[in-house]
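Subject: Handing over the structure

Hi,

Here is the structure we talked about, for you to open alongside this note.

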Amino acid sequence: MTKPVRVRFAPSPTGYPHVGNIRTALFNWLFARRYGGSFIVRIEDTDVTRKVEGAEKGILDALRWLALDWDEGPDVGGDYGPYYQSQRLKLYKDAAEKLIAQGDAYYCYCSPERLEEMRAEQVKRKQPPGYDRRCRDLTPEERAEKEAEGIVPVVRFKIPLEGQTRFKDLIYGDVVFENSTLDDFVLLKSDGYPTYHLANVVDDHAMEISHVIRAEEWISSTPRHLLLYQVLGLEPPQFIHHPMILGPDRAKLGKRHGAVSILDYREQGYLPQAMFNFLALIGWSLDDKTEIIPRQVLVDNFSLERIGKTGAIFNREKLEWMNGVYIRSLTPDEFFEAVQPYLMNDIAAGEALIGSEDYVRRILPLVQERAKTLLEVVELTKFFFVDELDYDASMLVGKNMDAQSTVNALKAAQQKLKPMTAFDADSLEAVLRPLAPELGLKTGQLFSVLRVAVTGQTAAPPLFETMAVLGRERSLKRIAAALSKL
RNA sequence: GGCGCAUUCGUCUAGGGGUUUAGGACACCUCCCUCUCAAGGAGGAGAUCACCGGUUCGAAUCCGGUAUGCGCUACCA
């Protein structure tokens, strides 16, 4: 019997939900769903000084936005809780004490100042920085002395001086570290909180995590974790490290590269299903050609083996394209639902939406295939919602035309439109298309004059559909306004 | 500096000894469609598979070295 798959996403609430972290969550979630396992969220709030108010909410919001539902964790609970490390302090303390008792850890009384000086000196002498183990073999008398001084110690791990630690990463293969290159890292801080290393090992075991899927930046920490499992007498989980997401300069994606919070992308009008698809495709591929992959197909086909080994630059242009593909695939109702919050954020569009949902619903199909993001829809539809168009009169004059012929064209169009009974796209086309030759103009010339008059733009949705949605009254009003500009 | 990992078109990638004149996607260019813009269709350009050496009848694919990049090197995660 093989152990059930249990994976975890363990964010620390110190900031916004980083694109890279969320992708790690996505891989974990995909793996859990693919193999019928459990996806667990554990909040690693062990750094009191870096804790940011609202960070946890942002991270959980991001998971919810992408519908990465968790089986155990905040809100939902579970049999292995609590799921906040700040509520499991006793566990870490017990583990640290056990290690001290068996001689695998020790109290260290070195001050932060001394450590800093030591490191500076090491760097100066071009030696590898690391704790010099001054407190490793303190006598009971020396310890008592330090205690008497009132120094609150940290607990450090006693790294074996010799030998090597190796593991088989499911993606990177065999990785070997010489123990001599590892230093006696801190297990328990002086404030009683554990460091990541201790808390992680204790909890991953306590929560029966079967696979640790995390970013490549953790690969160098893995031997420490393995050594901890060893002295604690615990069986370690499988380790899987995946490549990181890079900025355009190939450095770890960070704030200076622009939007790195996944929530920023939601704000900018990206669809969660597009983001989901896009994130999955950074460092993972289904085959040699499939790009658009529905969620369920992703779940059914995800595999760790197909994750590559090289860091990938976050390609915004491709994300935009993909978002456009997903936007176009929406039904009219879905598109309306998706776009609604963005329209509501705009004054004119919001008013229109409240005034007449039907009007908005007739507008949307005209821009759906033109929008790359939902936010862009607001811009593309703006001219439908304002009373007066703001554009320069010179835009009205068509190619190879002058002011006079433009005026003539607008007036002729007015005459044709006024008596129309039906004002649908087909009728409009039937009336306006023959008008161009009558005026000695090419259709393109006439239509472009009308387009600017009616939309205030040279690029817009198809003219007749646009006029039909605007309606006779509004269309004629805009043509009159155009004439008064000339 | 030490340790670790990586290296296929600008970018994301397929490919894991012969089927490869290295395939796909984004971006770019041309043409078609067309009332503009999109979308769509058809093409194009773009990679001496980081470099050097080895193994082999044969290497992008296996091995070694070099270079470069990135990560870690905290009482951060």
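Proline 82 sits in the loop that runs between helix 2 (55–65) and helix 3 (89–101). The peptide bond joining glycine 81 to proline 82 is cis, with omega at about -5°. Please keep in mind that this is a predicted model. Aspartate 75 also has its place in the loop between helix 2 and helix 3, and its phi is positive, near 75°, though the residue is not a glycine. With 66% relative accessibility, aspartate 75 counts as exposed. Another residue of this kind is lysine 126, which is not a glycine either but has a positive phi of about 55°. Lysine 126 belongs to the loop between helix 4 and helix 5 (140–148) and is exposed, at 77% relative accessibility. Why point these places out? Because most residues other than glycine have a negative phi, and most peptide bonds are trans.

Strand 3 and strand 4 run antiparallel and are joined by four bridges; tyrosine 107 stands opposite valine 155 of strand 4.

A parallel pairing is found between strand 1 and strand 2 (residues 38–41), again over four bridges. Arginine 8 has isoleucine 40 in strand 2 as its bridge partner. Strand 1 (residues 6–9) is covered on both faces: Arg6 and Arg8 are buried on one side, and Val7 and Phe9 are buried on the other.

Two loop residues are worth a look. Asparagine 179 lies in the loop between strand 6 and strand 7 and is buried, at 4% relative accessibility. Its side chain makes a polar contact of 2.7 Å with the side chain of threonine 165. Aspartate 191 is in the loop between strand 7 and helix 6 (196–206) and is partly exposed, with a relative accessible area of 44%. A polar atom in the side chain of aspartate 191 lies 2.9 Å from the backbone nitrogen of tyrosine 193. Aspartate 191 and proline 153 are 38 residues apart in sequence, with their C-alpha atoms 9.2 Å apart in space.

Helix 7 (residues 222–232) is largely enclosed by the rest of the structure, because nine of its eleven residues are buried. Among the buried ones are Pro223, His225, Leu226, Tyr229 and Leu232. Glycine 233 follows helix 7, and its phi is positive, near 70°.

How many disulfides does the structure hold? The number is zero. For cysteine 108, the closest cysteine sulfur is that of cysteine 110, and at 3.9 Å it is too far for a bond. Cysteine 110 is in no disulfide either: its nearest cysteine sulfur, in cysteine 135, is 3.6 Å away. Both residues are buried, cysteine 108 at 2% relative accessibility and cysteine 110 at 14%.

Finally, the RNA. Of the RNA atoms within 4 Å of the protein, 72% belong to sugar or phosphate, and the rest belong to bases.

- glutamate 44, at 3.3 Å
- glutamate 291, at 3.1 Å
- arginine 328, whose polar side-chain atom is at 3.3 Å

Elements giving two or more residues to this surface include helix 4 (112–124), strand 4 (154–157), helix 11 (316–328) and helix 19 (443–455).

Happy browsing, and write back with any questions.

Best wishes

Technical notes
Residues numbered from 1 in each chain as written. Chains lettered and ligands numbered in written order. Predicted model: local features only at pLDDT ≥ 70, side-chain atom pairs only at ≥ 80, totals over all residues. Heavy atoms only, no water. Near = heavy atom within 4 Å. Polar contact = N/O pair within 3.5 Å; in protein donor to acceptor, adjacent residues only side chain to side chain. Disulfide = S-S within 2.5 Å. Buried < 20%, exposed > 50% of the residue type's maximum accessible area, 1.4 Å probe, protein only. Pairing = 2+ DSSP bridges.
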